[in-house]
Amino acid sequence: MAENNRAVIKLREKFASSILDVKEFRGEVTVTVKKEDIVAICNFLKQDQRYNLLTDVTAVDYLGAEPRFMVVYNLYSIPNKDRLRVKAPVADGDCTIDTVCGVWSTANWLEREVYDLMGITFNNHPDLRRILMTDDWVGHPLRKDYPLQGPDREPYKGRLS
């Protein structure tokens, strides 16, 4: 169970007011935390709980819901052979979250990808610029409200069959 996970127990002890939700699904533990505490929580997980590998940073767009976005960090502890997913909600009106580049240097390009494709700004990032799309690209292609045919084309109005 997620409640018996050693990292979850330690997080609840140290960051009780920051934990929004804890879930386990098919053996994978996910902890949802307040975005304001993401750097402190990630530092704690790396230093105290030995989650020394950030395997991915991504985001999900829940268009029509608030908060609209969820930034997702997939962590791995090599010494403990343990995975943990940490999520932080980000509102559309304040589409920012602090960078974790100071915790794991691998976050640099992963956060740039999320910025480029989803439009989420990572505060204090050392080099926040597009990584996949050209500098003059308009919009963020993985947002659910992005036009399917591209930023300068009308949506397809015909039948697909």
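Which residues of H1 are buried? I started my notebook with that one, and the answer is Ala7, Val8 and Leu11. For me, buried means under 20% relative accessible area, exposed means over 50%, and partly exposed is what falls in between (1.4 Å probe, protein chains only). The three cover an arc of only 100° around the axis, so they sit on the same side of H1. That arc is taken over the directions from the helix axis to the C-beta atoms.

**Ground rules.** I am working on a predicted model, where local features need pLDDT of at least 70 and side-chain atom pairs count only at pLDDT 80 or more, while totals for chains, interfaces and linings use all residues. Residues are numbered from 1 along each chain as its sequence is written, and side-chain values use heavy atoms, with hydrogens and water left out. My helices (H or I, at least four residues) and strands (E, at least two) are DSSP runs, numbered from the N terminus.

**Overview.** I find three helices and seven strands in the protein. Read from the N terminus, the order is α-β-β-α-β-β-β-β-α-β. The C-alpha atoms fill a box of roughly 55 × 35 × 30 Å along the principal axes. Of the 161 residues, 43% count as buried. I also looked at contacts (heavy atoms within 4.5 Å). Among those with a separation of 6 or more, residues 24 or more positions apart account for 50%. The exposed surface comes to about 9,400 Å², and carbon and sulfur atoms supply 51% of it; areas are from the Shrake-Rupley method with a 1.4 Å probe, and for residues only the protein chains shown count as cover.

**Back to H1.** I asked what covers its buried residues. The cover includes E1, E2, H2 and E5. At the start of H1, a side-chain oxygen of Asn5 reaches to within 2.8 Å of the backbone nitrogen of Ala7.

**E2 and its partners.** Next I went to strand E2 (residues 28-33), where five of the six residues are buried. I call two strands paired if DSSP finds at least two bridges between them. E1 and E2 run antiparallel and are joined by six bridges. Within that pairing, Glu24 stands opposite Val29, and Asp21 has Thr32 as its bridge partner. The hairpin of E1 and E2 has two residues between the strands, and Arg26 takes a positive phi near 55° there. With strand E5 (residues 82-90), E2 runs parallel, and three bridges join them.

**Aromatic rings.** How many aromatic pairs are there? I count rings of Phe, Tyr and Trp (its six-membered ring) as a pair if their centres lie within 6.5 Å; planes under 30 degrees apart are stacked, over 60 edge-to-face, and the rest tilted. By this rule I get one aromatic pair. Phe15 and Phe44 are edge-to-face, 5.6 Å centre to centre with 70° between the planes. The pair links distant parts of the chain, 29 residues apart: Phe15 is in the loop between helix H1 (6-14) and strand E1 (19-25), Phe44 in helix H2 (residues 38-47). Phe15 counts as buried at 12% relative accessibility, and so does Phe44 at 11%.

**Gln49.** Is Gln49 buried or exposed? Gln49 is buried, with a relative accessible area of 5%. Its side chain makes a polar contact with the side chain of Arg6 at 2.7 Å. For such a contact I need a pair of N or O atoms within 3.5 Å; within protein, one must be able to donate a hydrogen and the other to accept it, and residues adjacent in sequence count only if both atoms are side-chain atoms. Leaving out residues up to four places away in sequence, Gln49 touches Arg6, Ala7, Lys10, Phe44, Ser77 and Asn80.

Most residues other than glycine have a negative phi, and most peptide bonds are trans. I listed some exceptions.

- The peptide bond from Glu66 to Pro67 is cis, with omega near 5°; Pro67 is in the loop between E3 and strand E4 (69-77).
- Lys81 has a positive phi near 50°, lies in the loop between E4 and E5 and is exposed at 65% relative accessible area.
- Asn124 has a positive phi near 65°, belongs to the segment after strand E7 (121-123) and is exposed at 70%.
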